[in-house]
Amino acid sequence: MKACSLRIWISFVALAYAGLCGPARAQTTSGSADVRGLTVREIHPKVTPTPFPLDAGTGHARVLEFRSPDQMSGADRGLADASQAEIARRAGLQGFDLRNDGEGQRSWGYEQAVCPVFPEHVILEYSRSNGPGDVTLFSAVIPRGEGHVRVIPVRRRSYSLFTPASSNALTLNDFNHMVLEGQAGLSPDWLTLGLCYAALAGGHVRAALLAQTPDAEVYPLLAPANLTVSGKGGAEVRFDDATPDIKAMEWTLLFGQNGHLLKVRHTVSQELVEKAVPGSATEVRGTAVNGQEVDLNKSVHSED
């Protein structure tokens, strides 16, 4: 009786299996999209729009080139000279007087921040130093074609604006307008874009990059520049300023998925410092592995 019940149960399972798997085989061979009243269709992952391509072809420029007036190209120097009156007028509206240095005041000077991601603009950094603790600085942007001169205040006699130039709305607005005025739109070179933004805010940044070899690592070690894209399509560009002999600062630029710069943070970097750890030397002798003698006779250090 038990053997008969067992045979019936096995037959029932076999029939059920054939009933379940039969339509699947038919779908595979015939290509039908209908399985027992259910419609089957191929699902393609939704592509999230991002402002920057996710490849390794960008993000390698560590610094921008800065040129004195004598080092500038003839075209750029001529454009700067022709724009001096307009720069002085707009700087005056921001409280910077280029025409009258005043008694005891040193004269103004400027240098060009060469930004390859903004080929249709000339960026100049104007400064005047009357000694330690008394430095005035602003940036001027000159369009090569249509547009108007822009002046971005950075520091007045070493005092920052109420909202620092690195993160205030004026700097963000001018940066976004420069992107819109460019014929090619937002450059895919996210790190150079970040360095150019820092130049608008009066910074000379030397970005920390990933060391190619362990021997190339220099302490204190800073996080290498990186690009992060969110699931909603926005992007975060982050880099540390590794310029020697200054406090290391971190720049974080937040972009929308359309390439619009939304927010900038400028904070003190988190540094990885080198610290000697006391330990004791231990000698490890050779041991037999799979019948072969392995020589491990060397000195290693273990922590106490």
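This is a predicted model: local features need pLDDT of at least 70, side-chain atom pairs count only at pLDDT 80 or more; totals for chains, interfaces and linings use all residues.
Four strands make it up, in the order E9-E10-E11-E12. The sheet is open, and the pairing is antiparallel. Which strands sit at the edges? E9 and E12, residues 261–268, and each of them pairs on one side only. From one strand to the next, the twist averages 15°.

Now look at E10, residues 235–240. Five of its six residues are buried, so the rest of the structure largely encloses this strand. On one side, E10 meets E9, residues 226–229, through four bridges. Those two strands run antiparallel. Leucine 227 stands opposite valine 237 there. The E9–E10 hairpin has five residues between its strands. Glycine 233 in that hairpin takes a positive phi, near 100°.

E10 also pairs with E11, residues 249–255. Here there are six bridges, again antiparallel. Aspartate 240 has glutamate 250 as its bridge partner in E11. Alanine 235 has phenylalanine 255.

Here is a general point before the packing. Side chains in a regular strand alternate between the two faces of the sheet.

What lies across this sheet? Helix H4, residues 169–181, lies across E11 and E12. Its direction makes an angle of about 130° with E12.

On to the core. As a general rule, nonpolar side chains in soluble globular proteins tend to be buried together. In this model, the largest nonpolar core has 39 residues. Which members touch the most others? Phe118, Phe175, Phe239, Trp251 and Leu253. Several elements give two or more residues to this core: strand E6 (135–143), E7, H4, helix H5 (190–200), E10, E11 and E12. H5 gives the most, with nine residues. There is another core apart from this one, with 17 residues, among them Met72, Ala91, Trp108 and Val151.

How covered is H5? Eleven of its eleven residues are buried. The run includes Trp190, Thr192, Gly194, Cys196 and Tyr197. After H5 comes glycine 202, with a positive phi near 85°.

Last stop: arginine 150. Arginine 150 belongs to strand E7, residues 150–156. Is arginine 150 buried or exposed? Its relative accessibility is 7%, and the cut-off for buried is under 20%, so arginine 150 counts as buried.

What does arginine 150 touch? Apart from neighbours within four places in sequence, the contacts are Ser139, Ala140, Val141, Asp174, His177 and Glu181. The side chain of aspartate 174 makes a polar contact of 3.3 Å with that of arginine 150. The side chain of glutamate 181 makes one of 2.9 Å. Arginine 150 and aspartate 174 are 24 residues apart along the chain, yet 7.5 Å separates their C-alpha atoms.

Arginine 150 is buried, with polar contacts to aspartate 174 and glutamate 181.

Key:
Residues are numbered from 1 along each chain as its sequence is written. Side-chain values use heavy atoms; hydrogens and water are left out. Buried means under 20% relative accessible area, exposed over 50%, partly exposed in between (1.4 Å probe, protein chains only). Contact means heavy atoms within 4.5 Å. A polar contact is a pair of N or O atoms within 3.5 Å; within protein, one must be able to donate a hydrogen and the other to accept it, and residues adjacent in sequence count only if both atoms are side-chain atoms. Two strands pair if DSSP finds at least two bridges between them. Axes are lines fitted to C-alpha atoms, for helices over the stretch in contact, and angles run from 0 to 180 degrees between N-to-C directions. A nonpolar core is a set of buried Ala, Val, Leu, Ile, Met, Phe, Trp, Tyr and Cys residues joined through side-chain atoms within 4.5 Å.
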